[in-house]
Each structure stands twice: as C-alpha cells, then as structure tokens.
Amino acid sequence: MEQVRPSRPRSRVPLSSFPFFAVHLAAIVGVFWLGFSWSGLALAGALYFPRMFFVTGVYHRYFSHKSYKTSRWFQAVLSFLGGFSAQKGALWWAARHRHHHKHSDTPEDLHSPRQQGFYHAHMGWILGDELTLQDLRKVPDLSKYPELVWLDRTYFIQPVLMGVGLYLLGGLHAFIWGFCVSTVLLWHGTFTINSLAHVIGKRRFETTDDSKNHWLLALITMGEGWHNNHHHYQSSERQGFYWWEIDMSHYVLKALSWVGLVWDLREPPKAVLDAGRRKVSVSAPAEAPVLARASLDAR
C-alpha cells in the first residue's frame with residue numbers, strides 16, 4: 001500500500017471530490033428554492049449534533065486517540081454510526097488525524113494554517129488526490145479487525161442510506177435540510193478545528209504548534225474547541241479540562257460509561273490541571289505512542 005503523503009494545495013480537483021461540491025450546491029440551491037424554514041433548520045440541528053458526536057466522541061476520541069475503552073461489538077457499532085457523519089471511514093479518519101498530531105503545524109502537516117494558508121487548512125486539504133489513498137499501516141491497532149476494514153471501505157453506504165431515508169420520510173424538504181444543509185454545517189463545523197482553532201483563541205499551555213482554546217468553537221463542535229488543552233495532553237478523553245469548559249462529547253461518553261457501554265475514560269493528570277489553573281505550562285508526562293497501547297484495544 002502507498003503511504004499518505006503530506007498534503008499540498010493542488011490546482012486539479014479529483015473526481016472523488018464531486019460529492020463534496022454537489023452536497024454544497026444542493027444545500028444552497030435547495031434552500032433558495034424551498035425558502036427558509038424554521039422546521040427545516042430545526043431538523044438540520046437535530047441531525048447535526050448527533051453526527052458531530054460521531055466525529056468528536058467516536059472518530060476522534062476513540063479511534064484516533066483511544067482515550068477510552070469499549071467492547072469489540074460496540075466498537076463496530078461506533079464505526080458504523082460514525083459513517084453517518086459523511087467524513088469517510090474510521091480508519092481513514094484516524095490515520096490522517098494521527099499524522100496531523102505527529103507533524104502539527106510543520107511542513108508535513110496535512111492541514112496547517114501556518115504552513116499552507118487558511119483555505120487549505122480549512123477544506124483544501126480534503127480535496128487532494130493523496131487523500132483517496134489507503135494506508136492501513138498507520139492504524140495497525142484498528143486494521144487488525146476485519147469488520148472495521150470493511151466498514152472503512154464501504155463508508156459511502158451510511159450517507160446514502162441517510163439521504164434516501166430522509167427523502168422517503170419527508171420528501172425534498174427533509175432531504176435538503178436534514179441531509180444537505182446539516183452535512184454542510186457538520187463539515188465546516190469540523191473543519192474549524194483544523195483552521196480557526198489554530199488561529200483564534202487563547203493558549204493555556206505552551207505547545208510546539210499553534211493550537212488554541214475558544215469557547216464558541218467548543219460549543220459548535222461539542223467540546224473540540226478546547227484544542228490547546230487537547231494538543232497538550234492528547235490522550236485525555238475529556239478536552240474541557242475544567243468544569244467551566246463545556247464539553248458535550250465528554251458528557252455523552254460519561255453517560256455511556258454509566259450503562260457500561262464504554263469505560264476507563266482517561267483524565268488529564270493532576271499536575272497538568274494544576275499547571276493549567278496557574279496558566280503555567282508543564283511538560284505532559286511521557287506517553288507510549290498511541291499505536292503501541294495494546295492495553296487500550298477493544299476487548
């Protein structure tokens with residue numbers, strides 16, 4: 001298999017990017033054609049936040065960082081549900097996110113505003129040819145499960161099911177607002193962490209990149225806006241380190257832990273929390289690479 005290469009701005013947009021632009025066009029044209037609708041907006045919001053959790057609480061905190069544990073069967077369920085976010089499969093997502101952390105805001109980063117500019121960091125990176133390649137060697141802890149590999153390769157099934165289902169249940173109105181508008185908002189909400197969270201906000205901890213914390217980004221991404229916290233101590237399931245830092249994904253995962261579906265939610269060490277309160281950076285404790293944490297694999 002070919003390796004994932006560092007992304008660079010491209011003049012040619014591959015054919016695989018057609019669905020990305022088609023959904024944007026359908027959302028814009030559809031809203032103008034149908035007219036503004038409060039019920040449509042409510043539907044878009046009702047489907048936005050559960051799918052944002054699939055990105056933040058599932059693709060990011062579980063598959064990319066293994067910040068909590070679960071069973072093998074529920075791991076597969078999480079991977080399937082994550083597909084409804086229309087952000088490809090869990091293995092694809094995790095491989096690229098781990099690459100980002102390894103090279104954050106360096107020339108090798110896939111989406112760095114510092115290195116490639118704001119547009120490329122926000123959405124240009126996802127349109128590159130190299131992101132159509134698979135590299136399961138970057139996620140050996142995940143690719144050893146054949147069900148996850150299959151779900152990763154068939155990532156398009158869930159968005160198609162969602163779009164068709166909404167159309168059958170509520171016609172064009174439900175399809176435009178529930179799928180197209182919701183998906184466009186979800187994409188750009190997710191992308192703000194790659195772009196804006198490295199540009200605006202405050203830095204509690206000194207890190208080697210430009211990651212920042214911003215309360216508004218945290219609200220629209222269910223906790224991901226506490227980005228400087230996360231880059232300082234990546235293995236913590238909770239990204240809002242303090243009670244006043246709203247982290248909706250953490251609350252959902254905590255509720256799932258109460259019923260036994262997930263467990264061992266990792267917390268930032270006391271030394272990190274104390275240093276953050278004093279607004280003085282301390283080095284995060286040495287951690288084994290995420291790919292080597294066999295103890296965190298699904299049971």
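When I say that two residues meet or touch, I mean that they are in contact, with heavy atoms within 4.5 Å of each other. Please keep that in mind as we go through the structure, which is a predicted model.

Let me begin with the whole protein. Its secondary structure comes to 13 helices and 2 strands, and of its 299 residues, 56% count as buried. If we take the contacts with a separation of 6 or more, residues 24 or more positions apart account for 74% of them.

Let us turn to the helix pairs, starting with helix α1, which covers residues 18-34, and helix α9, which covers residues 157-194. The axes of these two helices come within 9 Å and cross at roughly 125 degrees. An angle over 145 degrees would count as roughly antiparallel, and 65 to 115 as roughly perpendicular, so α1 and α9 are described as oblique to each other. The crossing of α1 and α9 is also left-handed.

Which residues in α1 and α9 meet? On the α1 side they are P19, F20, V23, H24, A26, A27, G30, V31 and L34. On the α9 side we find L172, H173, I176, W177, F179, C180, V181, T183, V184, W187, H188 and F191. Sorted by class, the residues of this contact of α1 with α9 divide into 16 nonpolar and 5 polar, with no charged residues.

Next, please look at helix α8, residues 146-153, which packs with helix α3, residues 72-82, at an angle of about 5 degrees, their axes being 10 Å apart. That angle makes α3 roughly parallel to α8. From α3, the residues R72, Q75, A76, S79 and F80 meet P146, E147, L148 and L151 of α8. The contact of α3 with α8 has 5 nonpolar, 2 polar and 2 charged residues.

Helix α8 also packs with α4, and here the angle is about 90 degrees, with the axes 7 Å apart. In this case α4 is roughly perpendicular to α8. The residues that meet are A90, L91 and W92 in α4, and L148, V149 and D152 in α8. By class, the contact of α4 with α8 has 5 nonpolar residues, no polar ones and 1 charged.

Is R96 buried or exposed? With a relative accessible area of 3%, R96 is buried. Its C-alpha atom is separated by 8.6 Å from that of K138, although R96 and K138 are 42 residues apart along the chain.

On either side of α4 there is a loop residue to look at. K88, in the loop between α3 and α4, has a positive phi of about 60 degrees although it is not a glycine. D105, in the loop between α4 and α5, also has a positive phi, near 60 degrees, and is likewise a residue other than glycine. As for accessibility, K88 is partly exposed, with a relative accessible area of 23%, whereas D105, at 1%, counts as buried.

Another buried residue is T56, in helix α2, residues 38-64, with a relative accessible area of 1%. Leaving aside residues up to four places away in sequence, T56 touches R61, T221, M222, E224 and S249.

Finally, let us look at helix α13, residues 270-277, whose buried residues are V272, L273, A275 and G276. How are these buried residues arranged when seen down the axis of α13? They fall within an arc of 165 degrees, so they line one face of the helix. On the other side of α13, the residues K270, A271 and R277 are exposed. What covers the buried residues includes α11, residues 227-232. After α13 comes K279, whose phi is positive, near 55 degrees.

Notes. Residues numbered from 1 in each chain as written. Predicted model: local features only at pLDDT ≥ 70, side-chain atom pairs only at ≥ 80, totals over all residues. Heavy atoms only, no water. Axes fitted to C-alpha atoms, helices over the stretch in contact; angles between N-to-C directions. Helix = DSSP H or I, 4+ residues; strand = E, 2+ residues; numbered from the N terminus. Parallel < 35°, antiparallel > 145°, perpendicular 65-115°, else oblique. Left-handed = near helix turned anticlockwise from the far one by under 90°. Nonpolar A, V, L, I, M, F, W, Y, C, P; charged D, E, K, R; others polar. Buried < 20%, exposed > 50% of the residue type's maximum accessible area, 1.4 Å probe, protein only. Arc of directions from axis to C-beta.
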